[in-house]
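Here are my notes for your first read of this model. Keep the structure open beside them and find each residue as it comes up.

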Amino acid sequence: MGQQETVATSLADTVREGIGAALAEVDADLARRYPGDPGTRQPIHTVYVPGDAFTAGTLRSWGDQALAMLDEHAPDAAALAGVLGLSDELAGPVYERVRAKLEREPVEDLRIDFEDGYGLRSDAEEDETAARAAALVAAAYRDGTAAPYMGIRMKCMEAAVRDRGIRTLDIFLTGLMEAGGLPDGLVLTLPKVTYAEQVTAMVRLLEAFEKARGLTPGRIGFEIQIETTQAILGADGRATVARMIEAAEGRATSLHYGTFDYSASCGVSAAYQASDHPAADHAKAVMQVAAAGTGVRLSDGSTNVLPVGPTAQVHEAWKLHHGLTRRALARAYYQGWDMHPGHLPTRYAAVYAFYREGLEKAAARLAAYVAKVGGDVMDEPATAKALSAYLLRGLDCGAVDPAEVARLTGLTRTELDGLAGRGVMSV
């Protein structure tokens, strides 16, 4: 009793050791290429504002405009639920949380746009706008009015605008450094990438900046915007987007789908350019598989149908945006673009309903898994990971509260992070 029973084997230890040695390089490659979730909060949307239109009051203005639209077109929970088809059970909690979010943190991720939304200007004008953007972002982080994530979308690496994009990025980053340093929430977007070599060029550019300013190597990451067919399928038949992630050398933070540029490059007529077009679904499916396990996040695109005009017209636009957002969430695209303040109510309503309607069931399944209690569903570690990630995303955006998740699961935030495979606590 108490002694380990001897069992018979046939293989010598050298066999196991030899296999381990043969796969050591593969083990290292897997760890490098597929590190898993970075353990940070992913914003549920990105708001784009042209560089010349961005001011110190932009974030608050978007929230106030969104609240005013609710007051005018959906003044209570029942009204919004009627437009979006929310259940009676969800209507009140979702409406209250949407209003609270718009008052507290109307925008989770802001990109000051120097590309399509800004256009071609004189060098002097863009220089001034870039320097002003840096000063405003630095001030926002200092005084506590910043969005959790903020940054710029520069012009792309194509020859015609390459130098201008590099100069704008240099001015913006230098301005932040001169104002006290790079904020933790800094995000940069590289648009219209067609070749992996353009991503490599961005890496070399950021390396040079880090060296010039004495920053830790690898400090600055960036998003890759997928707007061209060549970014999905290269001339050699390979999935270019996978090569782009590799070319980023660990700096890629996310892939953003560009609805209208990509659709146009596929020849889709303007009336049918939308994030639910089959061409869009194909592109995002390739992006999703290429990014899986790498720690690179995925973002859906936007709708250009704005909720403006009379109430009936606003409601139709809200229904469309709400439906597209819900569709994206079901397909694991947890982030998207918003083009207008009127998109904020339906963005948050869709996201909050998505996480609240599944809260109790997800929590019960996770609690049963942890307690090893049987039920009508047999969950595995991979499912427990997905259930934990679902609850964490709901917590991050404010759809659910820590107290109710703890009550339903019996788990702490740290325990949820561990089950979800997040290496560090989310911010």
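1. Start with the second largest pocket, whose volume is about 660 Å³. Keep in mind that this is a predicted model. The pocket has 23 lining residues. Nearest its centre lie D37, A292, G293, Y334 and R393.

2. Which elements supply that lining? Helix 10, strand 7 (297-299) and helix 14 (381-397) each give two or more residues to the second largest pocket. Helix 14 gives the most, with 6 residues. By class, the lining splits into 12 nonpolar, 6 polar and 5 charged residues.

3. Now move to the largest pocket. It holds about 1100 Å³ of space. It is lined by 44 residues, and G250, R251, A252, T253 and G295 are the closest to its centre. Among the elements that give two or more residues to this lining are helix 1 (13-33), helix 8 (240-247) and helix 10 (278-291). Strand 6 gives the largest share, 4 residues. The lining has 19 nonpolar, 13 polar and 12 charged residues.

4. K284 pairs with D300, and their closest N and O atoms are 2.7 Å apart. K284 sits in helix 10, while D300 sits in the loop between strand 7 and helix 11, 16 residues apart. Are these two residues buried or exposed? K284 has a relative accessible area of 0%, so it is buried. D300 is buried too, because its value is 4%, and the cut-off for buried is under 20%.

5. Compare the pair R243 and E197. Their closest N and O atoms are 3.8 Å apart. R243 belongs to helix 8 and E197 to helix 7 (residues 196-213), 46 residues apart. R243 is at 29% relative accessibility, so it counts as partly exposed. E197, at 48%, is partly exposed as well.

6. Other salt bridges deserve a look. The whole structure has 43 of them. R111 and D109 form one, with the closest N and O atoms 2.7 Å apart. Both R111 and D109 are buried. A network of salt bridges links D113, E115, D116, R153, K192, E227 and D261.

7. Last, check helix 11. How far apart are its end C-alpha atoms? They are 28 Å apart, and the 20 residues (311-330) should span 28 Å at 1.5 Å a residue, so the two agree. Its buried residues include V314, W318, H322 and L329. Helix 2 (58-73), helix 3 (77-84), strand 8 (336-338) and helix 12 (343-357) are among what covers the buried residues. After helix 11 comes A332, with a positive phi near 70°.

Key:
Residues numbered from 1 in each chain as written. Predicted model: local features only at pLDDT ≥ 70, side-chain atom pairs only at ≥ 80, totals over all residues. Heavy atoms only, no water. Expected span 1.5 Å × (residues − 1). Buried < 20%, exposed > 50% of the residue type's maximum accessible area, 1.4 Å probe, protein only. Contact = heavy atoms within 4.5 Å. 1 Å grid on protein atoms, 1.4 Å probe; cavity = no way out; pocket = protein on both sides within 12 Å on 5 of 7 lines; lining within 4 Å. Points joined across faces, edges and corners; volume = space filled by probe spheres on them. Nonpolar A, V, L, I, M, F, W, Y, C, P; charged D, E, K, R; others polar. Salt bridge = Lys/Arg side-chain N within 4 Å of Asp/Glu carboxyl O.
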